Amino acid sequence: MATAIQRTFIVDCPWCKAKVAASESGRAERGGYDEDAGEPYGSKVLVGICPSCKSILVGETDQIGFEGYDSDEDRWSDVVRIYPKPPKVFSSYRIPKVVRDSLTEADRSLQAGANIAACVMLGRALEALCRDILDSVPETTTTTAPAAPAKPKKKIMLGEGIKKLRDNKVIDDRLYDWSQQLQAFRNLAAHPEDITISRHDAEDLQTFVNAIVEYVYDLADRYEEFKSRVDARAKRKKS
Ligand SMILES: [Zn+2]
């Protein structure tokens, strides 16, 4: 009897902070032809063990090429880790797509060891948050002068945006400090200088940006819901 060949898959280990060839011990797979969409699909979830620290790793991959359909052979996307430390999930429906997409790209960049790219994406996410929130905040300056002809609206940049978020009390001083750090790293990352950014620093910045997004959207939504329940109860008691 031939000995089974040990299957492996390449995935990011958050403890070793590196891509490792995890030895596969299990998988779930689905695929076929989607009649409605008129195209084939395939996805896999792989379970394995890190060869170095022996921790359990779970990754997900989607089929991006189908033999005999659009490719000479079946091709799969890079495996993205979903356990442990799954990508952060937000609940608010108000979070703009560009913020969500930038955060997803940042996470994938980190898993691929592309720390500079991750910082650029984190800056993009925060800049998009600034634009989304500040475009809906009325300007605080009042003027009695006759209205000037409308100028094309200037897009808010990251540095100005985070200051305005603090001035409008959307974020507090601590979140403002984190935002300033992110801006500094983003500026370094966006210019073609010879720099390195450690994974440790990039991961911390990711945690800060996630916290800001959660604070500005998810927690604000949750508090509104909580408050309307409390108010409704108080009204019922009165009547
Ligand atoms: Zn490991």
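Biologist: Among contacts in the chain between residues at least 6 apart in sequence, what percentage join residues at least 24 apart?

Modeller: The model under discussion is a predicted one. Contact here means heavy atoms within 4.5 Å. Among such contacts between residues at least 6 apart in sequence, the share that joins residues at least 24 apart is 56%.

Biologist: In what order do the elements of the chain run from the N terminus on?

Modeller: The chain holds five helices and six strands. From the N terminus on, the order of these elements is β-β-β-β-β-β-α-α-α-α-α.

Biologist: Is the chain compact or spread out, judged by its radius of gyration?

Modeller: For 239 residues the globule rule gives 18 Å, and the radius of gyration of the chain is well over that value, at 23 Å. The C-alpha trace spans about 90 × 60 × 40 Å along its principal axes. Because its radius of gyration is well over the rule, the chain is, compared with a compact globule, more spread out.

Biologist: What distance separates the centres of domain 1 and domain 2?

Modeller: Domain 1 covers residues 8–83, and domain 2 is made of 97–137 + 156–232. Eight residues of domain 1 are in contact with six residues of domain 2. Taken over C-alpha atoms, the distance between the two centres is 29 Å.

Biologist: Which geometry does the site of the zinc ion have?

Modeller: The protein donors are the SG atoms of Cys-13, Cys-16, Cys-50 and Cys-53, which lie 2.3 Å from the zinc ion. Four donors count as tetrahedral if all angles lie between 85 and 135 degrees. The angles among these four donor atoms are 106 to 117°, and the site is tetrahedral.

Biologist: How many residues apart in sequence are the parts that Cys-13 and Cys-50 tie together?

Modeller: The donor residues of the zinc ion follow the spacing C-x2-C-x33-C-x2-C. Cys-13 belongs to strand 1 (residues 8–13), whereas Cys-50 is in the loop between strand 3 (39–49) and strand 4 (56–65), so the pair ties together parts whose separation in sequence is 37 residues.

Biologist: Which residues are in contact with Thr-61, leaving aside its neighbours within four places in sequence?

Modeller: Thr-61 is placed in strand 4. Because its relative accessibility is 3%, Thr-61 counts as buried. Leaving aside neighbours within four places in sequence, the residues in contact with Thr-61 are Ser-43, Lys-44, Leu-46, Trp-76, Ser-77, Asp-78 and Val-79.

Biologist: Which residues are in contact with Ser-109, leaving aside its neighbours within four places in sequence?

Modeller: Ser-109 is found in helix 1 (residues 97–111). With a relative accessibility of 13%, Ser-109 counts as buried. Once neighbours within four places in sequence are left aside, the contacts of Ser-109 are Ala-114, Ala-117 and Ala-118.

Biologist: Is Met-157 buried, partly exposed or exposed?

Modeller: Met-157 lies in the loop between helix 2 (115–135) and helix 3 (158–167). Leaving aside neighbours within four places in sequence, Met-157 is in contact with Glu-127 and Arg-131. Buried means under 20% relative accessible area and exposed means over 50%. Since its relative accessible area is 48%, Met-157 is partly exposed.

Methods
Residues are numbered from 1 along each chain as its sequence is written. This is a predicted model: local features need pLDDT of at least 70, side-chain atom pairs count only at pLDDT 80 or more; totals for chains, interfaces and linings use all residues. Side-chain values use heavy atoms; hydrogens and water are left out. Donors are N, O and S atoms within 2.8 Å of the metal (3.2 Å for Na, K and Ca); water is not among the atoms, so sites may look incomplete. Four donors count as tetrahedral if all angles lie between 85 and 135 degrees; four count as square planar and six as octahedral if opposite donors are over 155 degrees apart and all others between 65 and 115; anything else is irregular. Helices (H or I, at least four residues) and strands (E, at least two) are DSSP runs, numbered from the N terminus. The radius of gyration is taken over C-alpha atoms; the globule rule is 2.2 Å times the number of residues to the power 0.38. Domain bounds come from an automatic or database domain assignment. Buried means under 20% relative accessible area, exposed over 50%, partly exposed in between (1.4 Å probe, protein chains only).
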